[in-house]
Amino acid sequence: EGDAAPSQQTARGRGRRPEGDAPRHQQIAWGKQITARTASTESILTLFMREGHRFEARNLATTAHRVGKYGGRRLRSDRRLHPLAEACGRRIREFESRHIANVAWGFAKTEFTDRRLFEAIA
């Protein structure tokens, strides 16, 4: 009745921001940097290494997608893909289906394999 707990929203959508994530305005600014026409694999991975621990799920997925799009298989041994894969795997339950598809596609394009990430996706 009147004492019912308010419904809790998940990290998806308009729910509360997961602990450690930067505020929405910062997420938007990072999203613009990641998707800018002038963005490069180097600039995207540099941003991720500096601020990725504060990225929301959408920016993690977009980072993985753009790295695959711009870097492709030449990045397969880039050590920066390990923390990206780890971050994506850790937050996979927050991803919408399109985010999961973007992560899978991005890592497939780099030919980088991370068993834990792909098990989390499956």
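This is a predicted model: local features need pLDDT of at least 70, side-chain atom pairs count only at pLDDT 80 or more; totals for chains, interfaces and linings use all residues.
Student: Which residues of the largest nonpolar core touch the most other members?

Tutor: In soluble globular proteins, nonpolar side chains tend to be buried together. Here the largest nonpolar core has 26 residues, and those touching the most other members are Leu-60, Leu-81, Leu-84, Cys-88, Val-103 and Phe-107. At least two residues of this core come from each of α1 (24-35), α2 (41-51), α3 (57-71), α4 (81-90) and α5 (97-110).

Student: With which residues is Leu-84 in contact, leaving aside its neighbours within four places in sequence?

Tutor: Leu-84 is then in contact with Phe-48, Leu-60, Thr-63, Ala-64 and Phe-107.

Student: How many residues has α1, and what distance does α1 reach from its first C-alpha to its last?

Tutor: α1 has 12 residues and reaches 16 Å, close to the 16 Å expected at 1.5 Å a residue.

Student: Which residues of α1 are buried, and why do they lie on the same side of α1?

Tutor: Gln-27, Trp-30, Gly-31 and Ile-34 are the buried residues of α1. They lie on the same side of α1 because they cover an arc of only 105° around the axis. These buried residues pack against α2 and α3.

Student: Which exposed residues does the face of α1 turned away from its buried side carry?

Tutor: That face carries His-25 and Lys-32.

Terms used
Residues are numbered from 1 along each chain as its sequence is written. Side-chain values use heavy atoms; hydrogens and water are left out. A nonpolar core is a set of buried Ala, Val, Leu, Ile, Met, Phe, Trp, Tyr and Cys residues joined through side-chain atoms within 4.5 Å. Buried means under 20% relative accessible area, exposed over 50%, partly exposed in between (1.4 Å probe, protein chains only). Helices (H or I, at least four residues) and strands (E, at least two) are DSSP runs, numbered from the N terminus. Contact means heavy atoms within 4.5 Å. The expected span of a helix is 1.5 Å times one less than its number of residues. The arc is that of the directions from the helix axis to the C-beta atoms.
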